[in-house]
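Hello,

Please find the structure below.

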Amino acid sequence: MNLDRHTTLDVAVDAGVARITLDNPPVNVLSGSLIRELHDVLGRLRDDRSVRVIVFSSANPEFFIAHVDIHILDEMDELQEIADRAPGANLFQGVGELLRHQPQVTIVKLAGKARAGGAEFVAAADMAFAARETSGIGQSEVLMGIVPGGGGTQYLRERVGRNRALELLLTGDLVDADTAAAYGWINRAVPASELDAFVDGVAEKIAALSPELVAAAKRVVPAADLTDGLRAENEAWAELVSGDLPARLMTGALEHGVQTPEGERDLESVMRSVAAGL
């Protein structure tokens with residue numbers, strides 16, 4: 001199987017483990033190109049019985065997935081065919097649902113920051129392990145005047161409970177790996193110097209099992225049916241994103257360096273400053 005024809009992903013398969021490195025400079029936004037290529041690679045891996053585990057990491061040590069590309073709203077018509085692949089879900093929810101229903105075990109190795117659509121990606125994977133000193137995760141959509149539209153409301157509620165989900169959704173704060181682990185957002189926090197070896201160890205143990213055993217484990221611990229919640233989330237997101245405030249906040253965000261490394265390092269402060277100036 002040729003998995004080398006991509007511009008935003010690097011894919012290597014060895015001993016039952018597919019390692020997918022996200023590489024969409026400068027900050028790994030979840031762009032239309034990245035969404036297309038994720039669908040392509042995961043679709044081709046779906047029926048490959050030799051692959052039992054898929055590990056996602058980032059070529060950028062600072063950012064796993066910064067968030068959805070702010071410019072993607074201009075590409076929605078072009079991306080409709082991909083959105084149609086996940087009936088009952090919008091384009092962004094389709095990424096998470098693709099991950100949640102992948103037959104292989106999916107693992108995120110989080111060394112840097114994942115916000116908004118990036119945080120949804122992390123929560124949609126079967127497992128996530130994060131570097132204690134360097135990683136951060138945040139459901140930051142409220143800072144753009146919207147609610148999550150890629151499954152974040154449902155994934156958070158399932159992982160951390162309603163009270164913590166509301167805290168994370170409504171503050172938009174970036175939390176550290178230890179807090180994320182204590183809440184149940186990720187599996188555990190690991191010292192940064194040990195993260196690669198730890199994730200490799202987990203992946204290799206699973207890859208050593210038979211495909212039938214891995215499939216049985218995923219079948220008896222199935223992904224929850226979130227259809228109704230995803231529909232409600234999409235309706236709320238669509239209503240808000242069509243309003244005037246999100247457009248003004250997103251324009252201001254770009255003017256203040258969002259989607260550049262400098263602007264993304266403390267996105268929360270940047271966005272609160274933008275909001276205060278409107």
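Searching the whole structure, which is a predicted model, turns up 4 aromatic pairs. One of them joins F56 and F121: the ring centres are 5.1 Å apart and the planes stand at 85°, so this pair is edge-to-face. The two residues come from distant parts of the chain, 65 residues apart, with F56 in strand β3 (residues 53-58) and F121 in helix α4 (residues 117-124). F56 has 0% relative accessibility and therefore counts as buried. F121 is buried too, because its relative accessible area is 3% and the cut-off for buried is under 20%. Together with F64, F56 and F121 form one aromatic cluster.

Another pair is F129 and F198. Their ring centres lie 5.2 Å apart with the planes at 65°, so this pair is also edge-to-face. It links strand β7 (residues 127-131), which holds F129, to helix α8 (residues 195-207), which holds F198, across 69 residues. F129 counts as buried at 4% relative accessibility, whereas F198 is partly exposed at 25%.

Now the helix. α11 (residues 244-255) has 12 residues, and at 1.5 Å a residue it should span 16 Å; its end C-alpha atoms are 17 Å apart, which agrees. Which residues of α11 are buried? They are P246, L249, M250, G252 and A253. Seen down the helix axis, these fall within an arc of 165°, so they line one face of α11. That buried set packs against α10 (227-241) and α13 (267-277), while D244 and E255, on the other side, are exposed. Just after α11, G257 has a positive phi of about 95°.

Regards

How values were computed. Residues are numbered from 1 along each chain as its sequence is written. This is a predicted model: local features need pLDDT of at least 70, side-chain atom pairs count only at pLDDT 80 or more; totals for chains, interfaces and linings use all residues. Side-chain values use heavy atoms; hydrogens and water are left out. Helices (H or I, at least four residues) and strands (E, at least two) are DSSP runs, numbered from the N terminus. The expected span of a helix is 1.5 Å times one less than its number of residues. Buried means under 20% relative accessible area, exposed over 50%, partly exposed in between (1.4 Å probe, protein chains only). The arc is that of the directions from the helix axis to the C-beta atoms. Contact means heavy atoms within 4.5 Å. Rings of Phe, Tyr and Trp (its six-membered ring) pair if their centres lie within 6.5 Å; planes under 30 degrees apart count as stacked, over 60 as edge-to-face and the rest as tilted.
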